[in-house]
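Hi,

Here is the structure I promised to pass on. Have a look at it first, and then read on for what I found in it.

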Amino acid sequence: MHECQINLLQYLRSKTQVDVDSFDAGVSTEVPGCVDGTSNQAEIYCEMIKPRHEGRVKEVLAFSSKVKSEFPTLRLEEIAFEAIRLAFLIIPNITGTVHVMANPCYSYHTEKIVETGKRLHKICNLLNPAFDTNRLVMKVAATWEGLQACRELALCGIKTLATTVFTMEQVVLAGEAGCVSMSPFVHEAKAHFDEKYSDEMPLLRLCVQAQQFYKKRSIITKVKACATLSVDEILQLAGVDSLTIMSEDLQNLQKGTGCICLVENQSLFGDTSISDDSDYPSYLDDESTYRLDFSRSGQGKGQYKVMQALAIFSDFQFKGEEFMKARQQLFG
């Protein structure tokens, strides 16, 4: 390699924590050294239905039937689709935490999200009493109700990540609520599921503004950017606290090289023109102000993107539960 050339993954890791956006253990094996592992209902569904997981699905359903009496208000298929068993598969391949997304259908129900956080910890202990639950983080949609749940769970010592973040108002409240991390979606969810749809306004600058906001106010919440669509976008975010990266882009980074000077110049974290000097109020105990400001953000675009993302993830939740229900009937 020429002396000015650098491996892109190596470079990125010198600036940012690199996480794997998949519960496919093969991915974290092929690209070793990822810190955290994460997924969502869409990825879990697409992974669970693979024929190679047939035995594991049977095992999950048997376990879910066994513990069903512990959670009498839940349907068996919902317990089975909560993905803890898949999450456990990648734990040996990562050094940090594993992130499991709460049922998106509960995104506007604080009490149910709190119950989910406690249930996930209990299920971890039932699966493996030796598992350190400090390595479990629950992903919660950054709705008002979701972030209030994060606030309550933080008091219980349960770690949360605020996901589906598209506005600074969500950034502010996630920090106030005590989330360990917060994930701005660089692209809206639809851009990842509809090949004909193009999101022309990626939120790369929001990641920079959010990190500046937290550091300026000594808020411990980390910015964990996600939903990028290219290696170029990833390199523009070199310097963010952490990046959740999909398998294809991880492999492209692992294989890719570039001139160190050119690569470093791509990062937006060296762009002094990006700043957000807005004087945001405290939202933690002011629901009406938060809802008004959030609904107005970007002329309503942020609110629309959150609703769109939750609709997509909820659809996959339904598909996942139906899959589990059908497999349960098949296995008897």
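At what angle do helix α7 and helix α8 pack, and how far apart are their axes? Before I get to that, keep in mind that this is a predicted model.

**Two helix pairs**

Helix α7 covers residues 110-127 and helix α8 covers residues 144-155; the angle between them is about 45°, and their axes are 8 Å apart. That angle makes α7 oblique to α8. As for handedness, the crossing of α7 past α8 is right-handed. If you want to look at the contact itself, pick out Thr-110, Ile-113, Val-114 and Gly-117 on the α7 side. They meet Glu-145, Gly-146, Gln-148, Ala-149, Glu-152 and Leu-153 on the α8 side. Sorted by class, this contact of α7 with α8 is made up of four nonpolar, four polar and two charged residues.

The other pair to look at is helix α9 (residues 168-177) with helix α15 (residues 287-296), which pack at about 145° with their axes 8 Å apart. From α9, the residues in the contact are Glu-169, Gln-170 and Leu-173, and from α15 they are Tyr-290, Asp-293 and Phe-294. By class, the contact of α9 with α15 has three nonpolar residues, one polar and two charged.

**A helix with a buried side**

Next, turn to helix α13, residues 247-255, where Asp-249, Leu-250 and Leu-253 are the buried residues. Why do they end up on the same side of α13? Because they cover an arc of only 105° around the axis. Glu-248 and Lys-255, on the other side of α13, are exposed.

Phe-313 sits in helix α16 (residues 301-331). With a relative accessible area of 3%, Phe-313 is buried. Cys-105 is 208 residues away from Phe-313 along the chain, yet their C-alpha atoms are separated by 8.4 Å. Apart from neighbours within four places in sequence, Phe-313 has contacts with Asn-40, Gln-41, Ala-42, Met-101, Pro-104, Thr-164, Phe-185 and Phe-193.

Phe-71 belongs to a loop, the one between α4 (54-67) and α5 (76-80). Is Phe-71 buried or exposed? Its relative accessibility is 10%, so Phe-71 counts as buried. Again leaving out neighbours within four places in sequence, Phe-71 is in contact with Ile-79, Arg-119, Lys-122 and Ile-123. Lys-50, on the other hand, is 21 residues from Phe-71 in sequence and 28 Å from it in space, going C-alpha to C-alpha.

**Two loop residues with positive phi**

Last, a couple of backbone details. Ser-218 is in the loop between α11 (204-216) and β8 (222-225), and its phi is near 55°, a positive value in a residue other than glycine. Ser-218 is exposed, at 63% relative accessible area.

Gln-299 lies in the loop between α15 and α16. Phi of Gln-299 is also positive, near 55°, and this residue is not a glycine either. The relative accessible area of Gln-299 is 78%, so this residue is exposed.

Cheers

Notes: Residues are numbered from 1 along each chain as its sequence is written. This is a predicted model: local features need pLDDT of at least 70, side-chain atom pairs count only at pLDDT 80 or more; totals for chains, interfaces and linings use all residues. Side-chain values use heavy atoms; hydrogens and water are left out. Axes are lines fitted to C-alpha atoms, for helices over the stretch in contact, and angles run from 0 to 180 degrees between N-to-C directions. Helices (H or I, at least four residues) and strands (E, at least two) are DSSP runs, numbered from the N terminus. Angles under 35 degrees count as roughly parallel, over 145 as roughly antiparallel, 65 to 115 as roughly perpendicular and the rest as oblique. A crossing is left-handed if the near helix is turned anticlockwise from the far one by less than a right angle, and right-handed if clockwise. Contact means heavy atoms within 4.5 Å. Ala, Val, Leu, Ile, Met, Phe, Trp, Tyr, Cys and Pro count as nonpolar, Asp, Glu, Lys and Arg as charged, and the others, Gly among them, as polar. Buried means under 20% relative accessible area, exposed over 50%, partly exposed in between (1.4 Å probe, protein chains only). The arc is that of the directions from the helix axis to the C-beta atoms.
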